[in-house]
Amino acid sequence: MTTIFQDKEQFIDEYRLVVKAFTGKSFEEAGATDRYQALARLIAGHARDIASESFTESSRKHKKRVYYFSIEFLIGRLLDNYLLNFGIRDLVAEALADMGADLDELCELEPDPALGNGGLGRLAACFLDSMAHEGIAGYGNGMRYRYGLFKQEIVNGRQHEVADEWLSGGYPWEVRRQDRAVRIGFGGHVVTREKNGRQVYSVEGASEVLAVPYDIPVVGFGGKTVNKLRVWSAEPAEEHFDLETFNHGDYARADADRANAEAISAILYPNDQGEHGRLLRLKQEYLFVAAGISSLLRTYREEYGSDWAHLSDRVAIHTNDTHPAMCGPELMRVLLDEEGLEWDEAWEIVTKTVSFTNHTILPEALERWPIDTFSRLLPRIYQIIEEINRRWAESFDTAAEGWQEHFRNTAILWDGEVRMANLSVICSHSINGVAKLHTEILESTVLRDFYALTPKKFNNKTNGISPRRFLAEANPGYASLISSAIGTGWLDDASELERLLPFKQDAAFLEKVGATKLENKARLARYVKRETGLVIDPASIFDVQVKRFHAYKRQLLNVFKVIDLYQRLTTDPNTTIEPTTFIFSGKAASSYTFAKEVIRLINSVADVVNKDPRVNELIKVCFIPNFRVSNAQLIYPAAEISEQISTAGKEASGTSNMKLMMNGALTLGTLDGANIEIVDLAGRENEGIFGLTKPEVQELKDKGNYLAWDLLNDDPERLGRVVGSLTDGTFSKLSGGFESIRNEVMINNDPDLVLLDFHSYVDAFEKLNHDWANRTLWNRRALHNTAMSGWFSSDRTIREYRDEIWGA
Ligand code: 8GP
């Protein structure tokens, strides 16, 4: 463990100096926000010192550098996390208490950067954490969105999107690196010249913007390695402030260049549905790719000169989904046009350096760009892609039967579009999925033609999560209980959590497991009360589904269960249930109407159920607005039931399933994504598994005879009543009925099989719900889940990437 302060006194001295330098005030005079800012600056300063040592050390040892390209990094708050990773959380808390301040209160003041949508973005952040922990010289490369995604507010049950001004108070963790800014060109046309008997290409007439990097330190647990995350901001390449126009009063036009350039890094697209084809998004993708490649090559040149043949021995470029797919062509462009390499030479370097992870099989999420738009915005990159595509076509044996079919499925350019997934695969030496089933689906369906050609390129890397952030930091009570039993080694090596298994027989310990859960539930209840006014009972079961809203994740199935329970409790005296609070949280993409309607339905059901004295002692429905890393850290530790109920085959992995498991929740889930591995590790008897399996879903599709109406007609009492309630006024008081949801289920024939899985789901829920009555048995299963969750540490995942993909 590297200590940055010898003792409290040293910390206090340094802290006072920073407060004074930063605010001009003494610590006593400074307000809470200034105190937070100064504390973060102090820690960030130390982190940067160690980062430069880590960098020098990796140069000295010729460590391979891993660049993780991701258009999202959902890093969450950093102060608490870095204090923990530096091993000084208690020291700083005590020192602050001596000074009359409270560390938790200061941590609460940190803005939560909204630099991601969901799973993919948070995974990237856990990977940074684990790369630093494993001592890998690993760097994030992404975008600095001024307004991030959006802030979600709920008005009359509906989601409203508001700009998230997370940077407005200043972000103490970042440092602007003007000296490393890169000019990025868009548009123009390709010019060809002859030079020394060779064709040389360049782009003329492009309009340029400046990509300016901001560096954020990434502190690994133990504090020995500090890496960095570099995020790019778009600015005008030249100051073109038009004074004359300004003096005529046209202020907006006077600064139009700035506004146009800055638009590129203004917002993150919530692009999980129907948001493709936006020019600004394509600009974002190229900007962070081109700037990142330029920046890493500059470092390489400084260390190794122009020894390009060995680039792949020293550098790995990992592309997180298809958003950085232009890494391949951009690296080709630099090697060909700027460094003068021949195509074959450059291509070998590129394909040995670049690797690719796919995160979703949903066809609507696979990126495609109209060739027209693409080639106009990025003419030289397009030309290179054309050549890659031409050579790809040429590589087929046209005498072989069925080659046309293989080519059609693998071509990069097809039907007037650039297919980014195929581009990513062709440019990469490794392609991985994010859970066992997901990788199998990639190999057998989505990318099957590629798999047939180069099976060795494919591999699985089941996702993971940071045990520091999602157990130690999020759940301090449980974490210290665990450490009291098995020591603190699990923070370094989460497989040590298995040493908790013998404590399953220790009744007193199990009681403490239950007691920490109860405290966490009380903490969440206070947060909910503060944020929404709703009172929820910590003595009830907390049943939790928190994730992005998407049809395949089936929040609708969950709310159908709640409606069914509500209807049975109010009509059938034989219905029994342990008191339960149904907790939902998550954002829907702003243009995703169906998902937003499901949010409105949940809030409308909440409005009715929570006000109905016949049931509101037994069930409550709670929607927590604006799901983000910081409130996620309050929700996971409070959960008893983890809802992971996607239609089998649709969820690539899921990661909230792992976070909830580690915090001792039991999974109520389908055999989908990483749920399958959870069951393999923890045993089916410790979870609540239900529903169709992937092969069963497949069989149903192949037969093509599923009819939602049949199910409804067979079960008017329950399913019929649930579906009927969408349009009969039961839940329409808040803001109207739910015809569109009913149509999705009945007219669109229930594409996500909500009705089909309904009964097995409700039965599995009720079984778990009744199991809760025996608290000793329940706590034993909870502890068992935590004990078996160590394999889901992102440290394990990252070691697999290191050994099997990056060779770092
Ligand atoms: C998610 C997958 O849906 C989830 O199953 C998986 O656990 C996670 O990635 C990490 O691998 N996919 C996305 O978040 C995603 O595709 N986001 C795009 C909107 C950018």
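This is a predicted model: local features need pLDDT of at least 70, side-chain atom pairs count only at pLDDT 80 or more; totals for chains, interfaces and linings use all residues.
Residues are numbered from 1 along each chain as its sequence is written.

View 1. The protein is divided into domain 1 (62-76 + 112-429) and domain 2 (481-699 + 758-798), with bounds that come from an automatic or database domain assignment. Their centres, taken over C-alpha atoms, are separated by 36 Å. To the contact, domain 1 gives 34 residues and domain 2 gives 28 residues, where two residues are in contact if their C-beta atoms, placed from the backbone, lie within 7 Å. On the side of domain 1 that touches domain 2, the elements that give two or more residues are α6 (119-133), β3 (151-155) and β4 (158-162); helices (H or I, at least four residues) and strands (E, at least two) are DSSP runs, numbered from the N terminus. The largest share of that side, nine residues, comes from α6. By type, the residues of that side divide into 11 nonpolar, 13 polar and 10 charged, with Ala, Val, Leu, Ile, Met, Phe, Trp, Tyr, Cys and Pro counted as nonpolar, Asp, Glu, Lys and Arg as charged, and the others, Gly among them, as polar.

**View 2. The shell around the ligand.** Around the ligand there are 18 residues, of which G119, L120, H359, A652 and S653 come nearest; a residue is near a molecule or strand if its C-beta atom, placed from the backbone, lies within 6 Å of it. Each of domain 1 (62-76 + 112-429) and domain 2 (481-699 + 758-798) supplies at least three residues of this shell. The shell divides into five nonpolar, 11 polar and two charged residues.

**View 3. The parallel sheet that holds β21 and β22.** Six strands form an open sheet in the order β20-β19-β18-β21-β22-β23, with parallel pairing; two strands pair if DSSP finds at least two bridges between them. At the edges stand β20 (619-624) and β23 (688-689), each with a single partner strand, so one side of each is left without a neighbour in the sheet.

**View 4. The buried side of helix α27.** In α27 (residues 675-682), the buried residues are N675, I676, I678 and A682; a residue is buried if 20 or more other C-beta atoms lie within 10 Å of its own, exposed if 12 or fewer, and partly exposed in between, with C-beta atoms placed from the backbone. These residues lie on the same side of α27 because they cover an arc of only 160 degrees around the axis, the arc being that of the directions from the helix axis to the C-beta atoms. Among the elements that cover the buried residues of α27 are α18 (436-446), β21 (641-644), α26 (656-662), β22 (666-669) and α33 (775-787). Just after the helix, G683 takes a positive phi of about 90 degrees.

**View 5. Strand β11 and its two partners.** In β11 (residues 315-320), six of six residues are buried. Both faces are covered, with V315, I317 and T319 buried on one side and A316, H318 and N320 buried on the other. Strand β1 (residues 65-69) pairs with β11 in the parallel sense over five bridges, and V66 stands opposite A316 in β11. Strand β12 (residues 354-357) also runs parallel to β11, joined by four bridges, and H318 stands opposite S355 in β12.

View 6. Three strands form an open sheet in the order β13-β15-β14, with antiparallel pairing. Its edge strands are β13 (368-370) and β14 (413-414), each of which pairs on one side only. Three bridges join β13 to β15 (residues 417-419), and the bridge partner of R368 in β15 is R419. In the loop between β14 and β15 is D415, a residue other than glycine whose phi is positive, near 55 degrees. L753, in the loop between α31 (739-746) and α32 (754-771), also has a positive phi, near 60 degrees. D415 is exposed because 10 other C-beta atoms lie within 10 Å, whereas L753 is buried because 25 other C-beta atoms lie within 10 Å.
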